[in-house]
Amino acid sequence: MIRLQDATMLALTKLRTRKVRLTITVVISGLLFSILMGASLVARGAFASIDSFSKEGLGQRYIVSGNDTEVFDIFSNKDVIARAQDLQKDLIARKTADAKRLGIDYDPANEPQAVNTFNVPGNSAQQNLAPDSVAGKQAIQEYLASHPLLGQSDFEREAKPYGANAFYISQPYPYSVDGTLQVLEGGKESFNTSSQKQHPDALQSFTNSWSLMSSAMLKPFVLKGESLDVGTDGSIPMVIPVSAAQSLINLPALPATATPAQKLERTKELRQKIRDFTFSMCYRNATSANLIEQANEAQAQADQNKTNKDYKQPDLVYGLPSQACGTVPVIRDARDSDQKTQDGKQEQFQEDFGKPVAAQATISFRVVGIVPDPVTQNAAGVNQIISSLVTSSLGGGWFTPLEAAQKQPLLSQFFDPTRGALNGSRPVQYAEFNGSDQAEQFLSKANCTPNFAAANNADPLEQCIKDGKPFTLMPFGSNSLAVQKIRGDFGLIFRLAALGVAVIGAIIMMGTVGRLIADSRRETAVFRAIGAKKLDIAQIYLLYTMLLALLIAAFACLIGVAAAAVAQHMFGGAFTVQALVAYNSSDLNQTFSLFSFYWPDVLYLAAIAVATGLLSAAFPLIRNLRRNPIRDMRDDT
Amino acid sequence: MKQRDMTNTDIETKAQQFLALFADDTEAAIAALRQAGTKKHQATGRTPAPVGPVLVNINGLSKAYKVGKQHINALDDVSLAVHEGEFVAFTGPSGSGKSTLLQLIGGLDKPSRGTITIDGQELTTLSDRKLSVFRNRTIGFVFQFFYLQPFLRLEANLEVPGMFARIKHSERKTRAGELASAVGLQDRLRHLPKELSGGQMQRAAIARAMLNRPKLILADEPTGNLDSVNGKAIIDLFEQMRREFGTTIIIVTHDPKVAAHADREIVLRDGRIAL
């Protein structure tokens, strides 16, 4: 082997030949490698930024949600139906006896059915439980008492073996209550149900996505200086979606074309203005709601008969409350004492069998935090990528801290688990793990995957139940698991792609290196004549190839850096805003960078480029060294 | 080694080696010597130069090529000896085998039969690697078309054989400078070959061939690409090298004037030495 310095000098002379071909090779191969270089810079930059941002929000937390898969087929459960029918008979017997005792009329035929019977053509009659009937309700409660639904303790039992260290729960609002629940817009109660808006605004419709959620899960989304405790004024804290917050403070939604700077400004404004936004709701129980209906009806009758001189007002007339969520006043009572006694007995009879006394209450809420809206399916292109990479969310919705709700009996009543079970709004369990590996293990081993392809209408969850996997599991809160996976996959994909590029690069380089070696046959022959060993010749050409490869790697770096800089310029702002909102960053001056040198990738690329070069040189070089130098000298002369 | 420095033992050894070539046929040996001397004397009008011990000894050398189905005998049973400090010219018509002979002596090709011994080293037994080292240290090549590296400055071009010998850079630089002066190119060291004339390039090639101080210079048509003035200068340079360094010179030439400068002209015809 000759000295490296000398070999380098001789190799450098090769770089001065066939400059056009050399340049084309460097540019084409360099562009190929630059794609990888750019991808590395951008992806590693993104990962580093996610790491930095995700210290807040739900980032870097490995949370798995579990929905129980138990089939709630209580409506067609024969035992429950039979029990409901028994209870119904008993109820009718008791009511008949009580009516007799009170001396009032009672027709069992008017008693709501506990079980409804349907005639299905071609089949025998089918029976279905009526869950709102008194007997139906009781039958369900009895059944649930002996067959409890899966709960937090069951989920803990599943997740603890995998290392879960904290457990949370969310309970969705069951979409309905016994009575009415109305947001008091502008502090006013609307009594005219028919005039309610067809497209209610965010506030009016918030109960559609209202949940109780463990405070620990809400904490990252609480605005600075706010608290998840019940206020001294009794107000219930509420964490609401960004879009709803915008709507509450009457900020028009930003257009899709809004610049990152505009979005950032909006975030600042939103955080400032939504703080301590309060609103109230009025709850009227079924009896109170019924009185409002009666008042409305009486009013309508009176209006219709304004000009009818023969119209005789009913003896008992209810009026609308004079203040929001007030009691329903009696505005006319012309009943005689007999009638009053009779009505009193009827009232007593109904109360004996479950009708509540009219009640209403105002509940006030205050906004203490905002949570990003869930990623919309129609987000396209870059926004889709940004949203899926940078996510820290509770999945959308309005959230009341579970702990605060438990201090408010009325709220606990709204979130009645039985009603939730009947409506399909079952609680969701959450388990938090220390590391992604544990969470991944839990997800892969304990998850129930419903088999929707099961034959003959078989229960898709049958196998899960058999396997003792009662929960459908999903990563929750942030995409930390996905990012972790992408990060792991990126390394592998990057290396595989590099190998792919290496093969293409080797073919391109082989053209140039092969041509150069062939062109240099005479020189090789002369060098051999003046004493170069085959190894010396190989050394010169391999060094040349390495220099060429390094040139390609340097060019790739240059283009890759330029491409990453362009990406940063074009999308860095959008990523920053998304991350600031998603992670509820306290420092709004943080920036999301799509540019980070990850030296192992750079060195790997350089090594691959060099290996590619050596690979491309090997074949022509071996062929060249096998040649007879005499022939090569003769060929040229 | 000059003739006058040789001891009697050396002379006797060389004489015996010479006689061995003729299988103890003393008559034939004397006849051969006479003929050679006469021929030389006739051609140059000079007395044969004194020669040292045998440096190159070729015995029964044949080289056959296969071209298609035909066997061509480029060299056929050639035997000869070249002495240290001798200036020998191989002449003969094209295809006579003179270049083939030169290349075989240079270890660039393997003979089909026979042996080549240079400086006591039998070339046909050497591995490719050892042959390379041997060429690098013992032989200097000069080509008709100079074959300088176009992108290296003259100084680096001269140093190339030293690079393969792993001679230190400073030592190479010194030698290159001395040789450049010896061939009159001391002020061209920083120039690229394209900035030199043909004669200068060939002088540079000779200097390059001399860098590792070889015992033997093999030159294939060194003046073939030069005008007569430059050709003459090159031959003078070979003479100078021989004088200053005692280098043995074998050249292949078509030019009778060049051949006339040699101590001995060996004419080849159809792969054989034409005596």
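Start by selecting the open sheet of chain B, whose 6 strands follow the order β6-β7-β8-β3-β9-β10 with mixed pairing; strands (E, at least two residues) and helices (H or I, at least four residues) are DSSP runs numbered from the N terminus, and two strands pair if DSSP finds at least two bridges between them. This is a predicted model, in which local features need pLDDT of at least 70 and side-chain atom pairs count only at pLDDT 80 or more, while totals for chains, interfaces and linings use all residues. Residues are numbered from 1 along each chain as its sequence is written, and chains are lettered from A in the order in which they are written.

Colour β6 (139–142) and β10 (272–273) of chain B next: each has a single partner strand, so one side of each lacks a neighbour in the sheet.

Move to chain A and select α19 (residues 534–582) and α20 (residues 599–625), which pack at an angle of about 145° with their axes 8 Å apart (axes are lines fitted to C-alpha atoms over the stretch in contact, and angles run from 0 to 180 degrees between N-to-C directions).

Finally, show both chains: 20 residues of chain A are in contact with 24 residues of chain B, contact requiring C-beta atoms, placed from the backbone, within 7 Å. On the chain A side, α1 (4–15), α18 (521–529), α19 and α21 (629–636) each supply at least two residues, and α18(A) gives the largest share, 4 residues.

Terms used. Two residues are in contact if their C-beta atoms, placed from the backbone, lie within 7 Å.
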